[in-house]
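Biologist: I would like to learn how to read a model like this one. Where do we start?

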Amino acid sequence: MSIAIRRRVQLVVLLGPVSLFLAVFFLGPLAIMMVTSFLAPGLYGGVEWTFYPHNFGRILGFADPMFEDFDPVYIAIFLRSVKIAALTVLAALLVCYPAAFCIARLSERWKNFCLFLITLPFFTSLIVRLFVWVLILRQTGLVNEMLLSTGMIARPLDLIYTDGAIILGMVYVFIPFMFMPVYASVEKLDWTLVRASLDLGAGPIRTFWRIILPLTAPGIVGGAIIVFIPALGNFVVPAILGGAKVMMLGNLIEQQFLAARNWPFGSALAMMVMSVMLVLLLVYVFASGRRGADAALNR
Amino acid sequence: MKIAQSLFRGSLVAYTGLFFAFIYIPLVVIAVYSFNSNPVNMMTWTGFTTEWYAQVLGFKTTVSENALYIESTGQLLQAVWNSLVIATSTTLIATVFGTAIAIGLYRFDFLGQRFYRVIMFMPMLMPDIVLGIALLIFFVNSGIHLGLTTIIIGQCTFLISYVFIVVSARLAGMDRTLENASADLGADEWTTFRRVVLPQLLPGIVGGALLAFIISMDDLVITYFIAGVDVTTLPMFIFAMLRRGIKPEINAIAVMMLTFSFVVASLGLYLRSRQK
(Lines give C-alpha, C1' and ligand atoms only; values in the text may rest on other atoms or scores of the structure.)
Protein backbone atom coordinates (compact mmCIF):
# COMPACT_ATOMS: atom_id res chain seq x y z
CA MET A 1 0.00 0.00 0.00
CA SER A 2 1.42 3.39 -0.90
CA ILE A 3 1.98 5.86 1.88
CA ALA A 4 -0.52 8.34 0.47
CA ILE A 5 -3.32 5.77 0.46
CA ARG A 6 -2.38 4.56 3.91
CA ARG A 7 -2.55 8.03 5.31
CA ARG A 8 -5.90 8.57 3.66
CA VAL A 9 -7.23 5.38 5.27
CA GLN A 10 -5.91 6.50 8.66
CA LEU A 11 -7.60 9.84 8.28
CA VAL A 12 -10.94 8.25 7.38
CA VAL A 13 -10.71 5.85 10.33
CA LEU A 14 -9.92 8.73 12.69
CA LEU A 15 -12.44 11.26 11.49
CA GLY A 16 -15.10 9.14 9.77
CA PRO A 17 -17.17 7.95 12.73
CA VAL A 18 -17.05 11.22 14.66
CA SER A 19 -17.88 13.25 11.53
CA LEU A 20 -20.91 11.07 10.92
CA PHE A 21 -21.96 11.44 14.55
CA LEU A 22 -21.68 15.23 14.49
CA ALA A 23 -23.35 15.53 11.09
CA VAL A 24 -26.37 13.52 12.25
CA PHE A 25 -26.71 14.65 15.86
CA PHE A 26 -25.30 18.19 15.82
CA LEU A 27 -25.57 19.83 12.40
CA GLY A 28 -28.71 17.86 11.53
CA PRO A 29 -30.75 19.08 14.51
CA LEU A 30 -29.62 22.68 13.98
CA ALA A 31 -30.69 22.50 10.33
CA ILE A 32 -34.06 21.00 11.28
CA MET A 33 -34.59 23.74 13.85
CA MET A 34 -33.82 26.34 11.20
CA VAL A 35 -36.39 24.77 8.86
CA THR A 36 -38.95 24.49 11.65
CA SER A 37 -38.72 28.19 12.38
CA PHE A 38 -40.18 28.84 8.90
CA LEU A 39 -43.08 26.38 9.20
CA ALA A 40 -46.61 27.08 10.36
CA PRO A 41 -47.63 25.85 13.81
CA GLY A 42 -50.25 23.08 13.70
CA LEU A 43 -53.54 23.55 15.50
CA TYR A 44 -52.84 20.86 18.08
CA GLY A 45 -49.07 21.23 18.50
CA GLY A 46 -46.91 19.83 15.71
CA VAL A 47 -46.15 21.68 12.47
CA GLU A 48 -47.71 22.20 9.06
CA TRP A 49 -45.41 21.95 6.09
CA THR A 50 -46.00 25.34 4.53
CA PHE A 51 -43.66 28.30 4.31
CA TYR A 52 -44.69 30.66 7.09
CA PRO A 53 -42.54 33.73 7.83
CA HIS A 54 -44.90 35.01 10.52
CA ASN A 55 -43.08 33.25 13.36
CA PHE A 56 -40.43 35.90 12.94
CA GLY A 57 -43.23 38.35 12.16
CA ARG A 58 -44.70 37.88 15.61
CA ILE A 59 -41.41 39.04 17.05
CA LEU A 60 -40.45 41.71 14.54
CA GLY A 61 -43.76 43.30 13.60
CA PHE A 62 -45.48 41.49 10.72
CA ALA A 63 -47.71 39.00 12.53
CA ASP A 64 -50.08 36.72 10.59
CA PRO A 65 -53.08 39.00 9.90
CA MET A 66 -55.41 35.95 9.86
CA PHE A 67 -54.89 35.23 13.53
CA GLU A 68 -53.66 38.15 15.52
CA ASP A 69 -52.56 41.74 15.69
CA PHE A 70 -48.92 42.45 16.27
CA ASP A 71 -48.10 42.28 19.95
CA PRO A 72 -44.89 44.11 20.92
CA VAL A 73 -44.51 41.96 24.05
CA TYR A 74 -41.99 39.66 22.34
CA ILE A 75 -39.73 42.43 21.15
CA ALA A 76 -39.97 43.85 24.68
CA ILE A 77 -38.81 40.54 26.16
CA PHE A 78 -36.03 40.41 23.58
CA LEU A 79 -34.83 43.91 24.42
CA ARG A 80 -35.12 43.25 28.13
CA SER A 81 -32.96 40.12 27.76
CA VAL A 82 -30.37 42.13 25.85
CA LYS A 83 -30.44 44.77 28.59
CA ILE A 84 -30.01 42.23 31.41
CA ALA A 85 -27.22 40.43 29.53
CA ALA A 86 -25.44 43.75 28.88
CA LEU A 87 -25.72 44.79 32.54
CA THR A 88 -24.39 41.35 33.52
CA VAL A 89 -21.35 41.90 31.31
CA LEU A 90 -20.76 45.35 32.79
CA ALA A 91 -21.12 44.15 36.38
CA ALA A 92 -18.89 41.12 35.79
CA LEU A 93 -16.25 43.40 34.29
CA LEU A 94 -16.39 45.77 37.26
CA VAL A 95 -15.99 42.81 39.60
CA CYS A 96 -13.14 41.13 37.73
CA TYR A 97 -11.03 43.93 36.21
CA PRO A 98 -9.52 45.48 39.37
CA ALA A 99 -8.97 42.05 40.92
CA ALA A 100 -7.09 40.95 37.79
CA PHE A 101 -4.57 43.79 38.28
CA CYS A 102 -3.99 42.83 41.88
CA ILE A 103 -3.56 39.12 41.16
CA ALA A 104 -1.32 39.70 38.13
CA ARG A 105 1.29 41.39 40.35
CA LEU A 106 1.49 38.63 42.96
CA SER A 107 4.32 36.12 43.18
CA GLU A 108 4.04 33.02 40.99
CA ARG A 109 2.94 30.82 43.86
CA TRP A 110 0.14 33.09 45.08
CA LYS A 111 -0.94 33.83 41.54
CA ASN A 112 -1.51 30.15 40.82
CA PHE A 113 -3.35 29.72 44.09
CA CYS A 114 -5.68 32.65 43.32
CA LEU A 115 -6.38 31.33 39.81
CA PHE A 116 -7.16 27.95 41.36
CA LEU A 117 -9.64 29.58 43.75
CA ILE A 118 -11.34 31.40 40.89
CA THR A 119 -11.68 28.35 38.63
CA LEU A 120 -12.74 25.99 41.41
CA PRO A 121 -16.42 27.08 41.54
CA PHE A 122 -16.68 26.44 37.79
CA PHE A 123 -16.36 22.74 38.58
CA THR A 124 -19.16 22.71 41.12
CA SER A 125 -22.82 22.35 40.35
CA LEU A 126 -24.33 25.41 38.71
CA ILE A 127 -27.70 24.79 40.27
CA VAL A 128 -26.21 24.55 43.76
CA ARG A 129 -24.41 27.86 43.29
CA LEU A 130 -27.68 29.49 42.29
CA PHE A 131 -29.60 27.86 45.12
CA VAL A 132 -27.23 29.51 47.59
CA TRP A 133 -28.42 32.92 46.39
CA VAL A 134 -32.05 31.92 46.85
CA LEU A 135 -31.26 31.25 50.50
CA ILE A 136 -29.53 34.59 50.84
CA LEU A 137 -31.96 36.80 48.96
CA ARG A 138 -35.45 35.46 49.57
CA GLN A 139 -38.04 36.98 51.93
CA THR A 140 -36.88 34.81 54.82
CA GLY A 141 -33.32 34.73 53.52
CA LEU A 142 -30.08 35.62 55.25
CA VAL A 143 -29.98 39.30 54.30
CA ASN A 144 -33.56 39.99 55.28
CA GLU A 145 -33.26 38.04 58.55
CA MET A 146 -30.14 39.95 59.51
CA LEU A 147 -31.61 43.35 58.65
CA LEU A 148 -34.84 42.53 60.49
CA SER A 149 -33.09 41.33 63.62
CA THR A 150 -30.98 44.49 63.82
CA GLY A 151 -34.13 46.54 63.35
CA MET A 152 -32.87 48.37 60.30
CA ILE A 153 -35.97 47.45 58.34
CA ALA A 154 -39.50 46.75 59.49
CA ARG A 155 -40.60 44.53 56.60
CA PRO A 156 -38.55 42.15 54.44
CA LEU A 157 -37.17 43.75 51.27
CA ASP A 158 -37.98 42.39 47.82
CA LEU A 159 -34.55 41.20 46.84
CA ILE A 160 -35.29 38.02 44.95
CA TYR A 161 -37.44 37.79 41.79
CA THR A 162 -36.03 41.05 40.44
CA ASP A 163 -33.79 41.98 37.52
CA GLY A 164 -31.07 42.71 40.04
CA ALA A 165 -31.26 39.19 41.44
CA ILE A 166 -30.92 37.72 37.95
CA ILE A 167 -27.91 39.91 37.17
CA LEU A 168 -26.30 39.06 40.52
CA GLY A 169 -26.83 35.32 39.93
CA MET A 170 -25.42 35.48 36.41
CA VAL A 171 -22.37 37.49 37.49
CA TYR A 172 -21.73 34.96 40.24
CA VAL A 173 -21.95 32.04 37.83
CA PHE A 174 -19.98 33.67 34.98
CA ILE A 175 -17.05 35.13 36.99
CA PRO A 176 -14.51 32.61 35.66
CA PHE A 177 -15.65 33.30 32.07
CA MET A 178 -14.97 37.01 32.46
CA PHE A 179 -11.93 36.79 34.71
CA MET A 180 -9.76 34.47 32.62
CA PRO A 181 -9.65 36.48 29.35
CA VAL A 182 -9.35 39.79 31.23
CA TYR A 183 -6.56 38.41 33.40
CA ALA A 184 -4.71 37.06 30.37
CA SER A 185 -4.43 40.50 28.82
CA VAL A 186 -3.75 42.29 32.12
CA GLU A 187 -0.86 39.94 32.83
CA LYS A 188 0.66 40.64 29.40
CA LEU A 189 0.42 44.40 29.93
CA ASP A 190 3.77 46.08 29.41
CA TRP A 191 4.24 48.22 32.53
CA THR A 192 7.18 50.12 31.04
CA LEU A 193 4.66 51.86 28.76
CA VAL A 194 2.61 52.88 31.79
CA ARG A 195 5.71 54.24 33.50
CA ALA A 196 6.73 56.07 30.34
CA SER A 197 3.31 57.68 30.14
CA LEU A 198 3.51 58.81 33.77
CA ASP A 199 7.08 60.08 33.33
CA LEU A 200 6.06 62.10 30.30
CA GLY A 201 3.52 63.95 32.40
CA ALA A 202 0.23 62.20 31.79
CA GLY A 203 -1.86 61.88 34.96
CA PRO A 204 -3.02 58.53 36.30
CA ILE A 205 -6.51 58.92 34.81
CA ARG A 206 -5.22 59.84 31.39
CA THR A 207 -2.71 56.99 31.52
CA PHE A 208 -5.53 54.60 32.31
CA TRP A 209 -7.72 55.76 29.40
CA ARG A 210 -4.95 56.11 26.84
CA ILE A 211 -2.58 53.27 27.75
CA ILE A 212 -3.97 50.64 30.13
CA LEU A 213 -7.50 50.38 28.77
CA PRO A 214 -6.58 50.09 25.07
CA LEU A 215 -3.88 47.52 25.83
CA THR A 216 -6.22 45.32 27.85
CA ALA A 217 -9.17 45.82 25.48
CA PRO A 218 -8.80 42.43 23.71
CA GLY A 219 -9.34 40.59 27.00
CA ILE A 220 -12.27 42.82 27.93
CA VAL A 221 -13.98 42.29 24.58
CA GLY A 222 -13.32 38.55 24.66
CA GLY A 223 -14.70 38.21 28.18
CA ALA A 224 -17.69 40.38 27.29
CA ILE A 225 -18.64 38.13 24.39
CA ILE A 226 -18.15 34.91 26.35
CA VAL A 227 -20.41 36.24 29.12
CA PHE A 228 -22.99 37.98 26.93
CA ILE A 229 -23.88 34.98 24.77
CA PRO A 230 -24.84 32.51 27.52
CA ALA A 231 -26.45 35.32 29.51
CA LEU A 232 -28.74 36.30 26.64
CA GLY A 233 -30.29 32.86 26.17
CA ASN A 234 -30.13 31.87 29.82
CA PHE A 235 -33.10 30.12 31.25
CA VAL A 236 -31.91 28.54 34.50
CA VAL A 237 -30.97 31.77 36.31
CA PRO A 238 -34.25 33.62 35.57
CA ALA A 239 -36.18 30.44 36.36
CA ILE A 240 -34.63 30.26 39.84
CA LEU A 241 -33.91 33.87 40.80
CA GLY A 242 -36.42 35.65 38.55
CA GLY A 243 -39.44 33.62 39.58
CA ALA A 244 -42.49 34.07 37.39
CA LYS A 245 -42.25 37.87 37.37
CA VAL A 246 -39.27 38.38 35.12
CA MET A 247 -39.50 36.78 31.68
CA MET A 248 -36.37 36.42 29.60
CA LEU A 249 -35.83 34.93 26.15
CA GLY A 250 -34.74 31.59 27.58
CA ASN A 251 -37.93 31.22 29.62
CA LEU A 252 -40.04 32.25 26.65
CA ILE A 253 -38.40 29.60 24.48
CA GLU A 254 -38.88 26.97 27.17
CA GLN A 255 -42.53 27.95 27.49
CA GLN A 256 -43.10 27.64 23.73
CA PHE A 257 -41.64 24.15 23.73
CA LEU A 258 -42.90 22.58 26.92
CA ALA A 259 -46.14 24.45 27.69
CA ALA A 260 -47.53 26.26 24.63
CA ARG A 261 -46.31 23.60 22.21
CA ASN A 262 -45.69 26.11 19.47
CA TRP A 263 -42.42 24.71 18.21
CA PRO A 264 -42.07 26.88 15.09
CA PHE A 265 -42.37 30.05 17.17
CA GLY A 266 -39.95 28.70 19.77
CA SER A 267 -37.50 27.84 16.98
CA ALA A 268 -37.82 31.34 15.57
CA LEU A 269 -36.94 32.78 19.00
CA ALA A 270 -33.93 30.47 19.21
CA MET A 271 -32.88 31.63 15.75
CA MET A 272 -32.98 35.21 17.02
CA VAL A 273 -30.60 34.26 19.84
CA MET A 274 -28.34 32.47 17.35
CA SER A 275 -28.27 35.46 15.00
CA VAL A 276 -27.26 37.85 17.79
CA MET A 277 -24.46 35.43 18.64
CA LEU A 278 -23.31 35.26 15.00
CA VAL A 279 -23.37 39.05 14.60
CA LEU A 280 -21.28 39.45 17.76
CA LEU A 281 -18.76 36.88 16.61
CA LEU A 282 -18.48 38.44 13.15
CA VAL A 283 -17.93 41.86 14.71
CA TYR A 284 -15.26 40.35 16.93
CA VAL A 285 -13.54 38.60 14.03
CA PHE A 286 -13.52 41.74 11.88
CA ALA A 287 -12.45 43.95 14.78
CA SER A 288 -9.54 41.75 15.72
CA GLY A 289 -8.60 41.17 12.09
CA ARG A 290 -8.18 37.95 10.21
CA ARG A 291 -4.90 37.18 11.87
CA GLY A 292 -6.45 37.34 15.32
CA ALA A 293 -9.24 35.00 14.27
CA ASP A 294 -6.79 32.53 12.80
CA ALA A 295 -4.75 32.60 15.96
CA ALA A 296 -7.86 31.97 18.05
CA LEU A 297 -8.95 29.04 15.90
CA ASN A 298 -5.52 27.45 15.73
CA ARG A 299 -4.90 27.82 19.42
CA MET B 1 2.40 60.99 45.72
CA LYS B 2 3.90 58.14 47.71
CA ILE B 3 0.95 58.14 50.08
CA ALA B 4 -1.56 58.27 47.25
CA GLN B 5 0.15 55.33 45.62
CA SER B 6 0.15 53.11 48.68
CA LEU B 7 -3.44 54.12 49.37
CA PHE B 8 -4.34 53.03 45.86
CA ARG B 9 -2.49 49.76 46.25
CA GLY B 10 -4.18 49.10 49.59
CA SER B 11 -7.63 49.65 48.20
CA LEU B 12 -6.85 47.36 45.28
CA VAL B 13 -5.86 44.59 47.69
CA ALA B 14 -8.99 45.21 49.76
CA TYR B 15 -11.09 45.04 46.61
CA THR B 16 -9.54 41.71 45.69
CA GLY B 17 -10.28 40.46 49.19
CA LEU B 18 -13.93 41.41 48.67
CA PHE B 19 -13.83 39.68 45.29
CA PHE B 20 -12.89 36.38 46.90
CA ALA B 21 -15.35 36.95 49.72
CA PHE B 22 -18.09 37.38 47.11
CA ILE B 23 -17.17 34.04 45.57
CA TYR B 24 -16.75 32.01 48.75
CA ILE B 25 -18.87 33.50 51.55
CA PRO B 26 -22.16 32.26 50.03
CA LEU B 27 -20.74 28.75 49.91
CA VAL B 28 -19.59 28.96 53.54
CA VAL B 29 -22.99 30.27 54.58
CA ILE B 30 -24.84 27.36 53.02
CA ALA B 31 -22.41 24.88 54.59
CA VAL B 32 -22.95 26.37 58.07
CA TYR B 33 -26.73 26.61 57.81
CA SER B 34 -27.06 23.05 56.53
CA PHE B 35 -26.55 22.13 60.21
CA ASN B 36 -29.35 24.42 61.40
CA SER B 37 -32.14 22.54 63.15
CA ASN B 38 -34.87 25.08 62.27
CA PRO B 39 -37.23 23.23 59.89
CA VAL B 40 -39.27 26.23 58.74
CA ASN B 41 -37.06 29.27 58.71
CA MET B 42 -33.80 27.97 57.36
CA MET B 43 -31.85 31.15 57.95
CA THR B 44 -32.79 31.61 61.62
CA TRP B 45 -30.39 29.65 63.75
CA THR B 46 -32.06 27.49 66.39
CA GLY B 47 -29.47 24.83 67.07
CA PHE B 48 -27.02 22.36 65.66
CA THR B 49 -28.24 19.17 64.01
CA THR B 50 -27.03 16.58 61.52
CA GLU B 51 -30.58 15.38 60.98
CA TRP B 52 -30.91 16.71 57.41
CA TYR B 53 -27.90 14.75 56.34
CA ALA B 54 -29.19 11.63 58.05
CA GLN B 55 -32.53 12.17 56.35
CA VAL B 56 -31.03 12.51 52.89
CA LEU B 57 -28.85 9.45 53.40
CA GLY B 58 -31.90 7.42 54.38
CA PHE B 59 -31.49 6.99 58.14
CA LYS B 60 -34.45 7.11 60.51
CA THR B 61 -34.85 10.56 61.97
CA THR B 62 -37.12 12.39 64.36
CA VAL B 63 -38.03 15.05 61.79
CA SER B 64 -41.76 15.49 61.36
CA GLU B 65 -43.17 14.41 58.02
CA ASN B 66 -44.40 17.78 56.80
CA ALA B 67 -40.98 19.38 57.08
CA LEU B 68 -39.70 16.98 54.44
CA TYR B 69 -39.64 17.13 50.71
CA ILE B 70 -38.20 13.86 49.48
CA GLU B 71 -40.79 11.14 49.65
CA SER B 72 -38.10 8.51 49.57
CA THR B 73 -34.36 8.46 49.40
CA GLY B 74 -34.88 6.05 46.51
CA GLN B 75 -35.84 8.89 44.17
CA LEU B 76 -32.72 10.83 44.99
CA LEU B 77 -30.51 7.76 44.63
CA GLN B 78 -32.15 6.94 41.30
CA ALA B 79 -31.35 10.46 40.05
CA VAL B 80 -27.74 10.15 41.23
CA TRP B 81 -27.48 6.74 39.56
CA ASN B 82 -28.89 8.08 36.27
CA SER B 83 -26.41 10.95 36.33
CA LEU B 84 -23.53 8.56 36.93
CA VAL B 85 -24.61 6.21 34.12
CA ILE B 86 -24.99 9.14 31.72
CA ALA B 87 -21.71 10.79 32.73
CA THR B 88 -19.75 7.54 32.41
CA SER B 89 -21.13 6.74 28.96
CA THR B 90 -20.78 10.26 27.60
CA THR B 91 -17.24 10.54 28.97
CA LEU B 92 -16.20 7.33 27.20
CA ILE B 93 -17.74 8.30 23.85
CA ALA B 94 -16.73 11.97 23.95
CA THR B 95 -13.15 11.14 24.96
CA VAL B 96 -12.68 8.72 22.07
CA PHE B 97 -14.30 11.04 19.52
CA GLY B 98 -12.73 14.25 20.81
CA THR B 99 -9.26 12.70 20.89
CA ALA B 100 -9.74 11.28 17.37
CA ILE B 101 -10.59 14.72 15.97
CA ALA B 102 -7.70 16.36 17.81
CA ILE B 103 -5.18 13.81 16.47
CA GLY B 104 -6.74 13.89 12.99
CA LEU B 105 -6.44 17.67 12.73
CA TYR B 106 -2.94 17.68 14.21
CA ARG B 107 -1.38 14.97 12.03
CA PHE B 108 -3.05 15.48 8.69
CA ASP B 109 -3.40 18.41 6.36
CA PHE B 110 -6.59 18.33 4.40
CA LEU B 111 -9.26 20.51 2.93
CA GLY B 112 -11.87 21.44 5.51
CA GLN B 113 -9.57 21.69 8.55
CA ARG B 114 -10.92 25.13 9.32
CA PHE B 115 -14.46 23.83 8.98
CA TYR B 116 -13.76 21.21 11.66
CA ARG B 117 -12.25 23.80 13.98
CA VAL B 118 -15.26 26.07 13.61
CA ILE B 119 -17.60 23.13 14.29
CA MET B 120 -15.58 22.31 17.41
CA PHE B 121 -15.95 25.84 18.78
CA MET B 122 -19.63 26.18 17.97
CA PRO B 123 -21.10 24.29 20.95
CA MET B 124 -19.07 26.35 23.42
CA LEU B 125 -20.34 29.62 22.04
CA MET B 126 -23.92 28.57 21.39
CA PRO B 127 -26.41 29.13 24.23
CA ASP B 128 -27.33 25.70 25.64
CA ILE B 129 -31.01 26.27 25.11
CA VAL B 130 -30.58 26.43 21.32
CA LEU B 131 -28.88 23.05 21.17
CA GLY B 132 -31.41 21.65 23.64
CA ILE B 133 -34.45 22.50 21.57
CA ALA B 134 -32.74 21.57 18.28
CA LEU B 135 -32.09 18.10 19.69
CA LEU B 136 -35.63 17.88 21.02
CA ILE B 137 -37.14 18.66 17.60
CA PHE B 138 -34.76 16.20 15.97
CA PHE B 139 -35.42 13.30 18.35
CA VAL B 140 -39.18 13.76 18.32
CA ASN B 141 -39.30 14.03 14.53
CA SER B 142 -37.19 10.93 14.04
CA GLY B 143 -39.34 8.97 16.45
CA ILE B 144 -36.58 8.15 18.94
CA HIS B 145 -38.00 7.59 22.43
CA LEU B 146 -36.74 10.27 24.83
CA GLY B 147 -34.74 8.82 27.68
CA LEU B 148 -31.24 7.79 28.73
CA THR B 149 -30.11 7.17 25.13
CA THR B 150 -31.16 10.58 23.88
CA ILE B 151 -29.51 12.28 26.87
CA ILE B 152 -26.25 10.44 26.22
CA ILE B 153 -26.26 11.28 22.50
CA GLY B 154 -27.26 14.88 23.13
CA GLN B 155 -24.58 15.53 25.75
CA CYS B 156 -21.89 13.96 23.55
CA THR B 157 -22.51 16.53 20.81
CA PHE B 158 -21.02 19.29 22.96
CA LEU B 159 -18.72 17.28 25.26
CA ILE B 160 -16.65 16.22 22.22
CA SER B 161 -15.65 19.89 21.86
CA TYR B 162 -14.38 20.15 25.42
CA VAL B 163 -12.25 17.01 25.07
CA PHE B 164 -11.02 18.23 21.68
CA ILE B 165 -9.84 21.55 23.09
CA VAL B 166 -7.99 20.03 26.06
CA VAL B 167 -6.31 17.32 23.96
CA SER B 168 -5.43 19.80 21.18
CA ALA B 169 -3.71 22.07 23.70
CA ARG B 170 -1.61 19.11 24.84
CA LEU B 171 -0.80 18.11 21.24
CA ALA B 172 0.31 21.65 20.42
CA GLY B 173 2.81 21.57 23.28
CA MET B 174 4.21 18.18 22.30
CA ASP B 175 7.76 17.55 21.16
CA ARG B 176 7.61 16.30 17.59
CA THR B 177 11.30 15.41 17.41
CA LEU B 178 10.62 12.43 19.68
CA GLU B 179 8.34 10.95 17.03
CA ASN B 180 10.99 11.42 14.37
CA ALA B 181 13.61 9.85 16.63
CA SER B 182 11.37 6.87 17.22
CA ALA B 183 10.83 6.44 13.47
CA ASP B 184 14.55 6.83 12.79
CA LEU B 185 15.31 4.14 15.32
CA GLY B 186 13.15 1.72 13.37
CA ALA B 187 9.80 1.72 15.19
CA ASP B 188 6.82 1.43 12.85
CA GLU B 189 4.06 4.00 12.92
CA TRP B 190 1.77 2.07 15.28
CA THR B 191 4.56 1.39 17.78
CA THR B 192 5.58 5.04 17.69
CA PHE B 193 2.01 6.08 18.34
CA ARG B 194 1.56 3.62 21.19
CA ARG B 195 4.93 4.02 22.90
CA VAL B 196 5.80 7.66 22.20
CA VAL B 197 2.75 9.74 21.29
CA LEU B 198 0.13 8.19 23.54
CA PRO B 199 2.10 8.41 26.82
CA GLN B 200 2.79 12.08 26.16
CA LEU B 201 -0.82 12.68 25.26
CA LEU B 202 -2.29 10.81 28.20
CA PRO B 203 -2.49 13.72 30.68
CA GLY B 204 -4.44 15.69 28.07
CA ILE B 205 -6.81 12.80 27.46
CA VAL B 206 -7.36 12.23 31.18
CA GLY B 207 -7.87 15.96 31.73
CA GLY B 208 -10.39 16.13 28.90
CA ALA B 209 -12.23 13.08 30.20
CA LEU B 210 -12.41 14.54 33.71
CA LEU B 211 -13.77 17.81 32.37
CA ALA B 212 -16.34 15.97 30.25
CA PHE B 213 -17.44 13.92 33.27
CA ILE B 214 -17.89 16.98 35.48
CA ILE B 215 -19.78 18.94 32.81
CA SER B 216 -21.99 15.96 32.05
CA MET B 217 -22.85 15.49 35.74
CA ASP B 218 -23.76 19.17 35.95
CA ASP B 219 -25.62 19.70 32.68
CA LEU B 220 -29.15 20.89 33.26
CA VAL B 221 -30.43 22.80 30.25
CA ILE B 222 -29.80 20.39 27.38
CA THR B 223 -30.69 17.35 29.48
CA TYR B 224 -33.88 19.06 30.66
CA PHE B 225 -35.20 19.30 27.10
CA ILE B 226 -34.31 15.82 25.88
CA ALA B 227 -34.87 13.75 29.03
CA GLY B 228 -38.50 12.88 28.34
CA VAL B 229 -40.78 11.98 31.23
CA ASP B 230 -39.17 8.84 32.68
CA VAL B 231 -35.62 9.90 33.43
CA THR B 232 -34.45 12.41 36.04
CA THR B 233 -30.84 13.39 36.61
CA LEU B 234 -29.40 14.92 39.77
CA PRO B 235 -29.42 18.54 38.52
CA MET B 236 -32.97 18.07 37.21
CA PHE B 237 -34.02 16.65 40.57
CA ILE B 238 -32.67 19.66 42.45
CA PHE B 239 -34.13 22.07 39.88
CA ALA B 240 -37.57 20.48 40.39
CA MET B 241 -37.16 20.72 44.18
CA LEU B 242 -36.26 24.39 43.94
CA ARG B 243 -39.30 25.11 41.82
CA ARG B 244 -41.64 23.39 44.30
CA GLY B 245 -40.36 25.07 47.41
CA ILE B 246 -37.25 24.90 49.51
CA LYS B 247 -36.84 22.47 52.38
CA PRO B 248 -33.73 21.98 54.52
CA GLU B 249 -32.77 18.71 52.86
CA ILE B 250 -31.74 20.54 49.68
CA ASN B 251 -29.16 22.28 51.85
CA ALA B 252 -27.65 18.99 52.87
CA ILE B 253 -27.67 17.64 49.31
CA ALA B 254 -26.12 20.85 48.02
CA VAL B 255 -23.30 20.78 50.58
CA MET B 256 -22.55 17.13 49.82
CA MET B 257 -22.38 17.92 46.10
CA LEU B 258 -20.13 20.93 46.73
CA THR B 259 -17.78 18.84 48.83
CA PHE B 260 -17.66 16.08 46.25
CA SER B 261 -16.89 18.35 43.31
CA PHE B 262 -14.35 20.38 45.32
CA VAL B 263 -12.46 17.21 46.16
CA VAL B 264 -12.54 15.90 42.57
CA ALA B 265 -11.60 19.28 41.04
CA SER B 266 -8.81 19.94 43.55
CA LEU B 267 -7.40 16.49 42.86
CA GLY B 268 -7.53 17.07 39.11
CA LEU B 269 -5.95 20.51 39.27
CA TYR B 270 -3.32 19.28 41.75
CA LEU B 271 -2.34 16.38 39.48
CA ARG B 272 -2.11 18.75 36.54
CA SER B 273 0.09 21.21 38.42
CA ARG B 274 2.45 18.39 39.38
CA GLN B 275 2.82 17.27 35.80
CA LYS B 276 4.24 20.57 34.64
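Modeller: Start with overall form, and keep in mind that this is a predicted model. Chain A has a radius of gyration of 24 Å, but a compact globule of 299 residues would have one near 19 Å. Along its principal axes, the C-alpha trace of chain A spans about 80 × 70 × 35 Å.

Biologist: How many domains does the assignment give chain A, and what are their bounds?

Modeller: The assignment gives domain 1 (1–36) and domain 2 (73–231). The centres of these two domains of chain A, taken over C-alpha atoms, are 40 Å apart.

Biologist: How many helices and strands does chain A have?

Modeller: Chain A has twelve helices and two strands. Along the sequence the pattern runs α-β-β-α-α-α-α-α-α-α-α-α-α-α.

Biologist: What share of chain A counts as buried?

Modeller: Of the 299 residues in chain A, 39% count as buried. Now look at contacts in chain A between residues at least 6 apart in sequence: 65% of them join residues at least 24 apart.

Biologist: Take one helix. How do I check the span of α5 of chain A?

Modeller: First, the general idea. An α-helix has 3.6 residues a turn, so residues three or four places apart point the same way. Now the case. Helix α5 of chain A covers residues 126–137, twelve residues. At 1.5 Å a residue, α5 of chain A should span 16 Å; the end C-alpha atoms are 17 Å apart, which agrees.

Biologist: Is α5(A) mostly covered or mostly open?

Modeller: Mostly covered: eleven of the twelve residues of α5(A) are buried. Among them are A:Leu126, A:Arg129, A:Phe131, A:Trp133 and A:Leu137.

Biologist: Next, backbone angles. What is phi of A:Tyr161 near?

Modeller: Phi of A:Tyr161 is near 60°, a positive value in a residue other than glycine. A:Tyr161 lies in the loop between α6 (142–150) and α7 (163–188) of chain A.

Biologist: Why does A:Tyr161 count as partly exposed?

Modeller: Count the neighbours. A:Tyr161 has 19 other C-beta atoms within 10 Å. Buried needs 20 or more and exposed 12 or fewer, so A:Tyr161 falls in between.

Biologist: Last, the interface. How many residues of chain A are in contact with chain B?

Modeller: The size of an interface is often given as the accessible area lost when the parts come together. Here we count residues instead. In chain A, 61 residues are in contact with 58 residues of chain B. Helix α1 (residues 3–36) of chain A gives the largest share of chain A's side, 15 residues. By class, that side of chain A has 49 nonpolar, ten polar and two charged residues.

Note on methods: Residues are numbered from 1 along each chain as its sequence is written. Chains are lettered from A and ligands numbered from 1 in the order in which they are written. This is a predicted model: local features need pLDDT of at least 70, side-chain atom pairs count only at pLDDT 80 or more; totals for chains, interfaces and linings use all residues. Helices (H or I, at least four residues) and strands (E, at least two) are DSSP runs, numbered from the N terminus. The expected span of a helix is 1.5 Å times one less than its number of residues. Two residues are in contact if their C-beta atoms, placed from the backbone, lie within 7 Å. Ala, Val, Leu, Ile, Met, Phe, Trp, Tyr, Cys and Pro count as nonpolar, Asp, Glu, Lys and Arg as charged, and the others, Gly among them, as polar. Domain bounds come from an automatic or database domain assignment. The radius of gyration is taken over C-alpha atoms; the globule rule is 2.2 Å times the number of residues to the power 0.38.
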